[in-house]
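Reader: I'd like to learn how to read pockets in a model. Could you walk me through it?

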Amino acid sequence: MFQPCQNGAVTKAKRVQRTQRRTDALSKERIIETAIEILDTEGESALTFRALAARLATGSGAIYWHVANKDELLAAAASDVIARVVTDVAGGTESREAIRSIALGVYDAIDAHPWVGTQLSREPWQFAVLRIFEAVGGQLQALGVPEPAQFNCASALVNYVLGLAGHRAAAARLLAPGTDRTAFLATAAARWAQLDPAQYPFMRQVAAQLPGHDDREQFLAGIDLILAGIGEKVR
């Protein structure tokens with residue numbers, strides 16, 4: 001009696017098993033982790049699916065199984081970085097201190113990963129931004145901010161943080177790597193000091209403070225000013 005050949009079916013089954021094993025081994029988390037490594041060491045222009053596939057010793061098709069395109073990959077990488085800092089707040093921390101910690105965590109993340117600032121400035125409602133909103137909003141609720149004011153208060157804080165992201169993104173585009181910060185700011189301060197005193201009295205007054213100011217401290221001072229205003233809502 002004729003028996004159909006099973007070789008083709010067996011070969012196909014083995015091929016499916018190998019594909020499943022590769023898919024399991026090449027998780028989305030591993031892809032994002034490798035993408036972050038490339039972004040940190042070589043910059044956004046170096047992040048291509050070909051470069052990613054070479055690092056992961058796989059084919060581009062296996063990566064596309066998890067991530068549709070570079071935009072999605074950048075958004076996922078930024079969300080991963082931000083998720084770490086907004087959840088890294090010790091339990092029991094007082095709400096104002098928790099907000100300061102979240103804000104500084106985002107500041108330090110952008111400082112350590114400049115491409116995150118660029119990504120945050122691209123799309124207003126991406127998951128990385130939603131994570132910041134959720135973390136800040138939860139602390140405002142715990143602080144006792146009245147519900148009608150919570151969205152406005154959260155927006156003020158998050159927009160201030162995103163302003164930092166946009167500023168850092170612009171600086172990354174305009175300044176060459178290795179630019180001496182003190183020398184750059186001293187040059188800018190010298191220009192401010194030369195401004196017309198009738199039109200720019202304030203800028204001339206603060207020019208001397210520019211070269212030696214601490215960006216991180218100045219950022220936190222802004223957070224404290226916003227929190228002071230929010231405190232009026234709680235009273």
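Reader: Which residues lie nearest the centre of the largest pocket?

Author: A pocket is an open set of points on a 1 Å grid over the protein atoms alone, where a 1.4 Å probe fits, with protein on both sides within 12 Å along at least five of seven lines; lining residues have an atom within 4 Å of a point. Here, 36 residues line the largest pocket, and His167, Arg168, Ala171, Leu175 and Asp215 lie nearest its centre. Keep in mind that this is a predicted model, where local features need pLDDT of at least 70, side-chain atom pairs count only at pLDDT 80 or more, and totals for chains, interfaces and linings use all residues. Numbering runs from 1 along each chain as its sequence is written, and side-chain values use heavy atoms, leaving out hydrogens and water.

Reader: Which helix gives the largest share of that lining?

Author: Helices are DSSP runs (H or I, at least four residues), numbered from the N terminus. α9 (147–174) is among those that supply at least two residues, and its eleven are the largest share. α6, α7, α10, α11 and α12 each bring at least two as well.

Reader: What volume does the second largest pocket have?

Author: Volume is the space filled by probe spheres set on the points, joined across faces, edges and corners. The second largest pocket has about 150 Å³, while the largest holds about 1300 Å³.

Reader: And what lines the second one?

Author: Its lining includes Lys28, Glu72, Phe127 and Arg131. Five residues, the largest share, come from α5 (70–86), and α8 (127–143) supplies at least two.
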